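Here are a couple of exercises to work through with the model open in your viewer. Try each one before reading its solution.

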Amino acid sequence: MAEENHTMKSEFILTGFTDHPELKTLLFVVFFAIYLITMVGNLGLVIVISKEHHLHTPMYIFLGNLAIVDSCCACAITPKMLGNFISENRMVSLYECMAQFYFLCTVETADCFLLAAMAYDRYVAICSPLQYHTMMSKKLCIQMTTGAFIAGNLHSMIHMGLLFRLAFCGSNHINHFYFDILPLYRLSCVDPYVNELALFIFSGSIQVFTIGSVLISYFYILFTIFKMKSKEGRVKAFSTCAFHFLSVSLFYGSLFFMYIRPNLLEGGNKDIPAAILFTIVVPLLNPFIYSLRNKEIITVLRKVLKKKRSHESWK
């Protein structure tokens with residue numbers, strides 16, 4: 001009897017946002033538009049940085065990798081979600097769930113470390129400009145970027161390995177728009193305490209370390225900004241930092257709510273708004289926050305547009 005009760009479900013159904021056909025059509029259009037803008041914005045930023053040799057500096061290397069991570073996040077979530085809006089068959093295998101979670105966990109963990117690295121890079125550039133090339137060399141930049149992706153893979157492997165200790169013998173309906181591990185924990189007929197504890201410890205440690213690095217860096221940056229003699233310079237620097245900090249706050253705030261709060265398994269529908277923030281909204285906003293307020297990126301974009309217009313007029 002115990003053996004029957006612990007038979008593992010091999011397929012799950014995503015319930016998504018709604019079952020109303022009219023709302024499904026509207027949501028499909030909205031999220032498809034968001035997906036296109038996200039991909040164009042992030043991949044466009046990657047192309048601009050890769051083609052312009054004078055942008056091959058630590059700051060833009062971090063920014064390019066952040067854009068790649070955001071593109072990967074959008075690719076991991078949105079196509080499947082859009083398919084569920086127009087398809088009646090929402091059934092997927094457990095291994096598809098695991099694959100999506102592994103990919104998403106890897107890129108989101110890398111995102112955390114990249115944001116911390118970017119904050120440190122700005123700290124060195126603003127607070128110690130004369131020592132910038134010594135303290136933030138290309139070699140260190142590449143090591144930090146590589147370390148971010150290695151940490152992402154290791155973090156995913158830990159939680160993936162622990163998933164195999166669970167068995168799913170109850171409902172196979174996942175109340176979410178993508179495959180996260182928390183809904184799977186809620187469906188488990190084996191006590192997921194060990195999994196929940198590992199999630200709290202590892203995710204908590206990563207987020208506390210990276211957000212701590214970001215906060216300390218921005219504290220020193222703001223301190224330096226307030227010491228500037230030029231009022232115009234202070235306002236401009238503060239405005240730029242405020243937009244960057246808004247993006248960081250949205251990302252970390254939603255992650256903290258999702259994975260670090262007490263009673264993780266009692267979230268239910270409360271997880272969905274936070275998940276939308278860090279998987280859809282933040283990747284959409286980042287290329288605009290980090291590039292449209294950046295003179296060098298804007299200058300390059302203007303040059304590209306001028307070349308295109310001159311080429312068209314020559315034709």
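**Exercise 1.** Which residue in E3 does Leu14 stand opposite? Work out the sheet around this pair.

*Solution.* Before starting, note that this is a predicted model: local features need pLDDT of at least 70, side-chain atom pairs count only at pLDDT 80 or more, and totals for chains, interfaces and linings use all residues. Residues are numbered from 1 along each chain as its sequence is written, and side-chain values use heavy atoms, leaving out hydrogens and water.

Step 1: Leu14 faces Ile174 in E3. Strand E1 covers residues 11-14 and runs parallel to E3, joined by 2 bridges. (Strands are DSSP E runs of at least two residues, helices H or I runs of at least four, numbered from the N terminus; two strands pair if DSSP finds at least two bridges between them.)

Step 2: Now take E2, which runs antiparallel to E1 with 3 bridges. Here Ile13 is opposite Met91.

**Exercise 2.** Which helix gives the most to the nonpolar patch?

*Solution.* Step 1: The helix is H8 (residues 193-226), with 6 residues.

Step 3: Ile158 has 30% relative accessibility, so it counts as partly exposed (buried is under 20% relative accessible area, exposed over 50%, partly exposed in between, with a 1.4 Å probe and protein chains only).
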